[in-house]
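Please look through this model with me, one point at a time. Keep the 3D view open as you read.

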Amino acid sequence: MHDNKDTTKPHENRSISGVAPKHPPHRFSVAPMLDRTDLHCRYFHRLLTKQTLLYTEMVTTSAIIHGKADYLAYHEQEHPLALQLGGCCPRSLAQCAALAQQRGYDEINLNVGCPSDRVQNGRFGACLMADAALVADGIKAMRDRVSIPVTVKTRLGIDDQDSYPFLCEFVQTVAQRGGCNRFIIHARKAWLSGLSPKENREVPPLDYERVWQLKKDFPELTVVINGGINTMADARLHLEQVDGVMMGRAAWQNPAVLAQVDRELFDAQAEVADRITVMESFCRYIDTALAAGASLGQIMRPVLGLFSGLPGARQWRRYLSEQAHKPGAGVAVVEQALLRVIQAAEEKEEKN
Ligand SMILES: Cc1cc2nc3c(=O)[nH]c(=O)nc-3n(C[C@H](O)[C@H](O)[C@H](O)COP(=O)(O)O)c2cc1C
């Protein structure tokens, strides 16, 4: 039914401006992060970058199928948007992929990289690396049901299964039997026991060369690299070797880095979003989100690092951290925090 090429063509990508983008969205993406890349975060990131591919947090197939909440909710503005699924049952994965396509998601991604105990108990996430045939079956089941891209996010290996041939065999099986043609590789292995998920993002060493080699050995596949990429300079370096770059924690800690992405990595003519203008737009969103029942504290979490490295960053973060959780907190709190940033910038200017 599907051939083994990445069928995403630049002219098929959604474009807010209506002009065909020069590069596919997977050239740069913000990583799926549980308890972080929720819909407030994604809306905010989209104000900073129009081109970046955004990911949901991992959503389990059982939450989608049996849960009471709407785990597929998102805003139209978030496109291009990938849903990350956690699960291992091909039939459930296919069912969720079909629902996601109906809801308008642009891509589906399968999590084969999370090492948490909870995920291992469900027999999915990183432990699936040991069962490439099952991953291939899941991917095939989804691809048979949907026409949007279905991709895999994984690690270099797990436990003692961490050789380069092991990675190649995994990728080959999932590509050939499952028809997956895009792999996002977090460039470190995972230990399935003994390390917390946080430690598993820090302790096993990064090995970028191995991901670059994978692209050389599988030139027909689209390879996206992830892990420890913090700046546009880092991203450009990797893009000489692989097809795309995924950024996680740096986008959370210093979201302003995303304002550079469109111009630096997609289109030299693109506008660079200005932080104050972004916040003015986000304030309009905040009103709507508050009216829909969200709390200001939750909405503002991805925004706390917006002024990192600039005068007023500390005042911004402190004021919001102290005030945003108070009952009734709304846009006025954000405006007060912004005033502190502007004042700090003016004071710095006067001193210079
Ligand atoms: C708080 C947090 C939650 C995460 N949740 C997920 C997740 O839901 N799915 C996933 O594939 N990876 C998850 N990750 C891993 C990231 O997607 C990414 O692979 C990892 O942070 C390495 O990239 P970085 O060094 O750019 O942060 C999470 C990372 C963090 C910090």
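This is a predicted model: local features need pLDDT of at least 70, side-chain atom pairs count only at pLDDT 80 or more; totals for chains, interfaces and linings use all residues.

1. **Overall build.** The protein has 14 helices and 8 strands. Its radius of gyration is 20 Å, close to the 20 Å that the globule rule gives for 352 residues, so the protein is as compact as a globular protein of that length. Along the principal axes, the C-alpha trace spans about 60 × 45 × 45 Å.

2. How much of the protein is buried? Buried residues account for 43% of the 352 residues. Now take the contacts between residues at least 6 apart in sequence. Of these, 71% join residues at least 24 apart.

3. **Helix α1.** Start with a helix that is mostly covered: 9 of the 10 residues in α1 are buried. They are H40, C41, R42, Y43, F44, H45, R46, L47 and L48. What covers them? The cover includes two strands, β1 and β2. It also includes the helices α9 (249-253), α11 (275-291) and α12 (296-300).

4. **Helix α7.** Helix α7 covers residues 208-217, and R210, V211 and L214 are buried there. These residues cover an arc of only 100° around the axis, which puts them on the same side of α7. Find the face turned away from that buried side: it carries the exposed residues E209 and K216. The buried residues pack against α6 (164-176), β6 (182-186) and β7 (222-226).

5. **Where α3 meets α5.** Helix α3 spans residues 90-103, and helix α5 spans residues 132-145. Their axes come within 8 Å and cross at roughly 35°. The crossing is right-handed. On the α3 side, the residues that meet α5 are P90, R91, L93, A94, A97 and A98. On the α5 side, they are D137, G138, A141, M142, D144 and R145. By class, this contact has 7 nonpolar, 1 polar and 4 charged residues.

6. **V30, in strand β1.** V30 lies in strand β1. Is V30 buried or exposed? V30 is buried, because 26 other C-beta atoms lie within 10 Å, and 20 or more is the cut-off for that class. Leaving out residues up to four places away in sequence, V30 touches T37, H45, T52, L54, Y55, M247 and A251. One of these, H45, is also among the buried residues of α1. Compare V30 with V245: the two are 215 residues apart in sequence. In space they are 8.7 Å apart, C-alpha to C-alpha.

7. **V59, in strand β2.** V59 lies in strand β2, which runs over residues 53-60. V59 is buried too, with 21 other C-beta atoms within 10 Å. Again leaving out residues up to four places away in sequence, V59 touches I64, Y71, L83, Q84, L85 and G86. Now pair V59 with L338: they are 279 residues apart in sequence. In space they are 34 Å apart, C-alpha to C-alpha.

8. **Backbone points to check.** Most residues other than glycine have a negative phi, and most peptide bonds are trans.

   - **H79 and P80.** A cis peptide bond joins H79 and P80, with omega about -5°. P80 is in the loop between α2 (61-66) and β3 (81-86).
   - **D35.** Phi of D35 is near 65°, a positive value in a residue other than glycine. D35 is in the loop between β1 (28-30) and α1 (39-48). D35 counts as exposed, because it has 8 C-beta neighbours inside 10 Å.
   - **D159.** Phi of D159 is near 45°, also positive in a residue other than glycine. D159 is in the loop between β5 (150-155) and α6. Is D159 exposed or only partly exposed? With 16 C-beta neighbours inside 10 Å, D159 counts as partly exposed.

How values were computed:
Residues are numbered from 1 along each chain as its sequence is written. A residue is buried if 20 or more other C-beta atoms lie within 10 Å of its own, exposed if 12 or fewer, and partly exposed in between; C-beta atoms are placed from the backbone. Helices (H or I, at least four residues) and strands (E, at least two) are DSSP runs, numbered from the N terminus. The arc is that of the directions from the helix axis to the C-beta atoms. Two residues are in contact if their C-beta atoms, placed from the backbone, lie within 7 Å. The radius of gyration is taken over C-alpha atoms; the globule rule is 2.2 Å times the number of residues to the power 0.38. Axes are lines fitted to C-alpha atoms, for helices over the stretch in contact, and angles run from 0 to 180 degrees between N-to-C directions. A crossing is left-handed if the near helix is turned anticlockwise from the far one by less than a right angle, and right-handed if clockwise. Ala, Val, Leu, Ile, Met, Phe, Trp, Tyr, Cys and Pro count as nonpolar, Asp, Glu, Lys and Arg as charged, and the others, Gly among them, as polar.
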